Amino acid sequence: MTPVSLIFRGRLRRAVSFAIGAIAGLAVDSAEVANSGVTMRGIETRGYLRCGVDVGLTGFAEQGENGAWQGFDVDLCRAYAAALLGRANAVRFVPLTTSERFDALDNDDIDILIRNTSWTFARDVGRGFDFAGIAYYDGQGFMAPADLGVTSARDLDGARVCVQAATTSELNLVDYIETNNLAMDVIAYETALEGLAGYENGACDVYTNDLSSLAGLRVSLADPENHILLPDVISKEPLGPVIREGDAAFADTARWILNTLIAAEELGVTSQNVDVRARTSTNPEVQRLLGVSDGFGERLGLENTYARTMIGTVGNYAEIFERNLGANSRLGLQRGLNAQWTEGGLLYAPPFR
């Protein structure tokens with residue numbers, strides 16, 4: 001059965017349930033009935049996923065010399081394409097600046113935004129967007145020249161601070177300054193790379209951004225070893241995929257594709273063993289995850305083998321992390337909060353049952 005026919009069946013079941021609710025006198029959201037499945041129909045008709053990514057951030061989304069995209073966010077886009085369309089390369093990357101990203105999603109220029117975007121109340125409520133989950137637990141910090149002689153953000157009274165405009169980083173910085181009664185000269189830039197250039201050219205003393213972004217930006221400096229990340233973390237920055245509000249079917253699908261990557265790591269399913277586990281595992285949750293039983297893929301409007309296709313081509317969460325951000329990558333990041341809950345981290349997928 002093709003993904004299109006599965007989607008149609010899912011929409012039909014949903015429409016019937018709403019009709020039954022209406023007959024029973026229950027409240028029915030007609031907009032949800034009308035919009036359910038719209039995003040996926042567009043993706044299927046087009047034949048590829050339009051994925052909004054950063055214009056260039058080492059470790060997360062950047063183009064190599066041959067023009068090929070690579071990074072953590074890029075691999076998440078490929079994972080979504082593999083799950084939705086059966087092909088990891090069925091994706092078109094749309095580079096977006098911070099100021100462009102939400103307009104692109106709102107105007108239907110992209111299907112999903114996977115671009116180091118923090119899940120906040122104001123973005124989730126009243127903006128017409130939904131977050132599909134948390135793909136990376138981050139926090140805002142500061143980068144400073146090692147010879148500046150500061151050991152904490154509390155030492156930055158009177159400093160000039162570069163920050164990216166129109167971001168939660170700018171808002172957090174203002175809050176931090178007011179909360180700690182500091183005097184700082186805030187210098188805002190349109191893009192992260194422009195902010196980095198300002199920092200490198202001496203327009204400011206320190207640079208503030210999400211710690212993962214700072215780690216990616218630092219490696220692009222001429223002398224990264226001469227710049228340090230201060231130990232202070234001044235915010236919570238849960239980063240995750242963003243979709244348009246009003247498409248309940250696609251919201252479910254987007255959420256559980258991310259959960260599949262996370263659960264696969266917890267259950268020990270990797271790109272190397274996924275086919276063997278599908279044939280031999282007696283673990284009921286593994287069987288459900290890999291489409292051996294219960295038809296979870298069909299309930300999402302996908303092939304029941306979507307997880308096998310996705311993990312087999314892109315890997316599970318750990319493989320994606322280690323390849324792009326981990327100890328042997330250019331960034332050399334530890335898992336930290338992004339470790340599985342069984343390993344002291346916050347990473348957690350609801351049960352597949």
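## Disulfide of Cys-162 and Cys-204

Cys-162 and Cys-204 are joined in a disulfide, with 1.9 Å between their sulfur atoms. The model is a predicted one. The two cysteines are 42 residues apart and connect distant parts of the chain. Cys-162 belongs to strand 9 (residues 160-164), while Cys-204 lies in the loop between helix 8 (192-200) and strand 11 (206-210).

The torsion about the S-S bond of Cys-162 and Cys-204 is about -105°, so this disulfide is left-handed. Both Cys-162 and Cys-204 are buried.

## Disulfide of Cys-51 and Cys-77

A disulfide also forms between Cys-51 and Cys-77, whose sulfur atoms are 2.0 Å apart. This pair, too, links distant parts of the chain, with 26 residues of separation. Cys-51 is in strand 1 (residues 49-54) and Cys-77 is in helix 4 (residues 72-85).

The link of Cys-51 and Cys-77 is left-handed, with -65° about the S-S bond. Cys-51 has a relative accessibility of 0% and therefore counts as buried. Cys-77 likewise has a relative accessible area of 0%, so Cys-77 is buried. The cut-off behind both assignments is that buried means under 20% relative accessible area.

## Overall pattern

The structure contains two disulfides. Counting the bonded cysteines along the chain, the pairing pattern is 1-2, 3-4.

Terms used: Residues are numbered from 1 along each chain as its sequence is written. This is a predicted model: local features need pLDDT of at least 70, side-chain atom pairs count only at pLDDT 80 or more; totals for chains, interfaces and linings use all residues. Side-chain values use heavy atoms; hydrogens and water are left out. A disulfide is a pair of cysteine sulfur atoms within 2.5 Å. Helices (H or I, at least four residues) and strands (E, at least two) are DSSP runs, numbered from the N terminus. Buried means under 20% relative accessible area, exposed over 50%, partly exposed in between (1.4 Å probe, protein chains only).
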